Amino acid sequence: MHNNPPDDTSHPPCSFQWKWPHFPGTAHDPDNGISEELYNELVRYAKYASGAYQVLCPRPMGNTLVTQFTDIITSTQGFVARDDTRKELVISFRGSREIASAIIDTSLVLSPLRGPGLPKNTDAHVHTGFLYAFRSVGDRMLNVLREQFEKFPRYDVAVSGHSLGGAIACIAALSIRNSFPDAALRLFTFGQPRTGDPSFAELVETVIGMDNIFRGVHSFDGVPTMIPTKLGYKHHATEYWQFTEPPAPRHVRRCVGSEDPEGSASIPSTGINLPHMVYFEQPIASDPTVCI
């Protein structure tokens with residue numbers, strides 16, 4: 001079982017300090033950053049998220065590909081991989097190159113959280129399009145995991161995704177936790193848009209655990225805040241914001257709560273931009289070496 005790396009680090013403050021955004025003197029002063037161990041985990045799962053974009057990913061991060069899944073109607077794509085060294089199953093979901101239209105079209109309406117493996121007694125609501133995408137592959141994902149757990153009952157689980165894939169990964173993680181409550185589970189998303197309402201955010205934090213959630217945001221990536229809160233949406237914790245360049249442990253802030261006013265939510269959304277396509281040193285979707 002993976003123990004989550006500590007949130008702080010002994011790294012000394014960086015000599016160069018960007019004037020904005022910066023939060024000196026607070027309990028979460030960015031000069032403290034995060035540990036190198038945790039940073040390396042963010043890099044690792046950003047690579048898994050990038051690999052999900054490849055048409056074929058025969059060896060995700062050099063590990064065993066259990067299955068790839070694709071739904072033609074929803075264009076949902078991803079894979080289940082097995083890392084026998086780390087004793088871990090990794091589920092990764094692809095984002096969409098048309099993320100803007102996927103977010104703002106008629107599926108923007110919130111729908112009740114219903115689908116394969118999801119908790120039944122909840123009033124949580126999620127983005128209709130994101131939920132529909134998960135439903136298209138949810139049963140297959142759970143069946144594959146069930147088969148894997150029969151052979152490897154002590155393996156941990158990590159779920160990863162970028163952009164739209166991050167939203168699907170979030171819903172999938174809820175389904176996995178509800179279906180396999182004894183499995184150690186962590187969720188890593190990158191550039192994830194707001195996915196559901198406040199009840200959904202609270203459900204994710206409660207069921208998965210805030211210390212098991214790593215919601216990465218790269219500087220002024222506009223996708224995480226593209227869906228405004230005034231439409232009834234709210235992010236879940238825990239945000240890890242790379243607030244300046246270059247990517248390094250000291251430049252990543254562990255934010256407080258779900259919508260930290262000193263996190264990425266402090267920057268108005270500029271939509272899809274360059275930071276959205278690079279996460280923790282990983283060029284998203286354009287690096288086939290993560291699949292060999």
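I take buried to mean under 20% relative accessible area. The model I am reading is predicted.

**Entry 1: D83 and R44**

I looked up D83 against that cut-off. Its relative accessible area is 3%, so D83 is buried. I then checked what its side chain meets, and found a salt bridge with R44 at 4.0 Å, N to O. D83 sits in strand β2 (residues 76–83), while R44 belongs to helix α1 (residues 36–51). The two are 39 residues apart, and the pair links distant parts of the chain. R44 has a relative accessible area of 23%, which makes R44 partly exposed.

**Entry 2: D84 and R82**

I moved on to D84. Its salt-bridge partner is R82, and the closest N and O atoms are 2.9 Å apart. I noted D84 as partly exposed, at 35% relative accessible area. R82 counts as buried, at 14% relative accessibility.

**Entry 3: R215 and E239**

I asked which strands the salt bridge between R215 and E239 ties together. The side chains meet at 3.8 Å, N to O. R215 lies in strand β8 (residues 213–218) and E239 in strand β9 (residues 239–242), so the pair ties together parts that are 24 residues apart in sequence. I found R215 buried, with 1% relative accessibility. E239 is buried too, its relative accessible area being 2%.

**Entry 4: salt bridges overall**

I counted eleven salt bridges in the model. I also found a network of salt bridges that links E41, R86, E88 and R186. As a general point, I wrote down that side chains of opposite charge can pair when their charged atoms come close.

**Entry 5: R194**

I wanted to know where R194 is found. It is in the loop between β7 (185–190) and α5 (198–208). Is R194 buried or exposed? I have R194 at 5% relative accessibility, so R194 counts as buried.

Next I looked for what surrounds R194. Leaving aside neighbours within four places in sequence, its contacts include F130, T225, P228, Y233, H235 and A265. P224 is also among the contacts. R194 and P224 are 30 residues apart in sequence, and I read 6.0 Å between their C-alpha atoms.

The side chain of R194 reaches the backbone oxygen of I227 at 2.7 Å. With E259, the side chain of R194 makes a polar contact of 2.8 Å, side chain to side chain.

Conventions
Residues are numbered from 1 along each chain as its sequence is written. This is a predicted model: local features need pLDDT of at least 70, side-chain atom pairs count only at pLDDT 80 or more; totals for chains, interfaces and linings use all residues. Side-chain values use heavy atoms; hydrogens and water are left out. Helices (H or I, at least four residues) and strands (E, at least two) are DSSP runs, numbered from the N terminus. Buried means under 20% relative accessible area, exposed over 50%, partly exposed in between (1.4 Å probe, protein chains only). Contact means heavy atoms within 4.5 Å. A polar contact is a pair of N or O atoms within 3.5 Å; within protein, one must be able to donate a hydrogen and the other to accept it, and residues adjacent in sequence count only if both atoms are side-chain atoms.
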